[in-house]
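Morning, everyone. Please have the sequence and the model open while I talk.

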Amino acid sequence: MIYLDSGATSFRKPPQVSRAVARAMERCASPGRGGYRPAMEAAEEVYRCREEAAALFGCLPEQVALTTSCTHGLNIAIRSLVKPGDRVVISGFEHNAVTRPLHALGARVTVAGRRLFDWEDTLSQFRRALEGKPKAAIFTHVSNVFGYILPVEELAGLCRERGIPFIVDAAQSAGTLPVSLSGWGADFVAMPGHKGLLGPQGTGILLCGSKPEPLLYGGTGSASREQEMPQELPDRLEAGTLNVPGYAGLTQGLRYVRRVGTERLFAREHRQTERCAIGLKRLGLRVFSGAHQAGTVSFLGRSDCEDTAAALANLGVAVRAGLHCAPLAHESAGTLDTGTVRVSFGFDAEDAQTDAFLQIMGKL
Amino acid sequence: MKNIYFVTFRSVTFAQRGERVLRSSGIHCTLQRTPRWMEEQGCGYALRLRTNQITDAVEALRREKLPIRRVYQQYSSGDLEEVKL
């Protein structure tokens, strides 16, 4: 199979990831609950994951809250900063993981910056929208539909200068672009474990620069007589038994990313993005590409996007079609009614794979 | 002969970071559950240290902003007493 859906999940992982999952299942009990060996091994596995993430993302291990997904982390972050009726500024490329929690809260949302690959527009629109002192700003680092890399450092600077709390959705950037909680001065940065960090599905990370409100309440293995959730991180956010095998796998994914380096991983994906965009344009298709693009390309095929994806699937190519859970991004790009076909590259991207895909596309 | 101390924490994560901090300072310690009577809020983890430099150890932990609950010394009789540092 030609797998070009790494924006959804990194399907092939370094082999040490699944080995770590299996090992943890054989050796680990509940972390932070007992003093016997399998419980302490579980606690050690979980802590190693926090350590690796802290080293990669510029924070302390206890600021790494382990979640089940990026969406889970975003829900915690949003509910910590935004109350019903609050005004919030978001980019024009946000995922439903941001817009739906805001909708559920009844937040008043201002969308800023809707032009693809245009940093000037994104920054000027944010500058204007932040003038009214919103309660919070939320922006994705990379659009999951178009691969547009937003000027996140500059956006963070705008928020910091104005004292506006902000959340970064690093779903598509963690593992391939520099992400730093302390460097950005962010209140929260959310990310999945199963995409660029190469961990198993069902894992995620929320980096906490501010005190969050719990989304789940329950046992944490600490301060058990108190009925309030602990004030300390990460316990405050981690009620219930953690997915130890998942985080053991994620630790190995994080180690791989740290060893190879985000710069190299990005370069590998970006090379294929450019190769793919050029190839698709040569076929006469409408391709969304430009400056500041990560490892994702969207395009419009000759037929409906779902039909194109289905035809590709029959020929052994995995891509994703439709709205990609990001109708706002499609609205910004003018593709809400058509959707797009999305090609997204992963850590194992290579020329042969891209060329084989382009060859198949040429025959459709 | 070195003394035995227990440094208690509310959260296993803080105790684990404390373990790393002390080890990197050359102070041997082991991570264990906090005995129930040491933690009135119920459930916690402690570092068991064998050292004559408990002040240095606690300072190293505080430098790293680790929220220590309490410090206990264990005497050769087995009795434990809270130490204020």
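Let's begin with a term: helices (H or I, at least four residues) and strands (E, at least two) are DSSP runs, numbered from the N terminus. Next, the ground rules. This is a predicted model, where local features need pLDDT of at least 70 and side-chain atom pairs count only at pLDDT 80 or more, while totals for chains, interfaces and linings use all residues. Residues are numbered from 1 along each chain as its sequence is written, chains are lettered from A and ligands numbered from 1 in the order in which they are written, and side-chain values use heavy atoms, with hydrogens and water left out.

Charged pairs now. A salt bridge is a side-chain nitrogen of Lys or Arg within 4 Å of a carboxyl oxygen of Asp or Glu. Searching the whole structure gives 27 of them over all chains.

Take Arg37(A) and Glu41(A). Their closest N and O atoms are 3.6 Å apart. Both residues sit in helix H2 (residues 37–57) of chain A, four residues apart, about one turn of the helix. Are they buried or exposed? Buried means under 20% relative accessible area, exposed over 50%, partly exposed in between (1.4 Å probe, protein chains only). Arg37(A) has 63%, so it counts as exposed. Glu41(A) has 18%, so it counts as buried.

Next, Arg258(A) and Glu52(A). This salt bridge has its closest N and O atoms 3.0 Å apart. The pair links distant parts of the chain: Arg258(A) is in helix H8 (residues 244–260) of chain A and Glu52(A) is in helix H2 of chain A, 206 residues apart. Arg258(A) is partly exposed at 42%. Glu52(A) is buried at 11%.

Now the sheet. Two strands pair if DSSP finds at least two bridges between them. Four strands of chain A form an open sheet, in the order E9-E10-E13-E12, with antiparallel pairing. Which strands stand at the edges? Strand E9 (286–288) and strand E12 (320–322) of chain A do; each has a single partner strand, so one side of each lacks a neighbour in the sheet. E12(A) pairs with strand E13 (residues 340–344) of chain A over three bridges, in the antiparallel sense. There, Ala321(A) stands opposite Val341(A) in E13(A).

Last stop, chain B. Arg23(B) and Glu19(B) form a salt bridge at 3.0 Å, N to O. Arg23(B) is partly exposed at 48%. Glu19(B) is buried at 8%.
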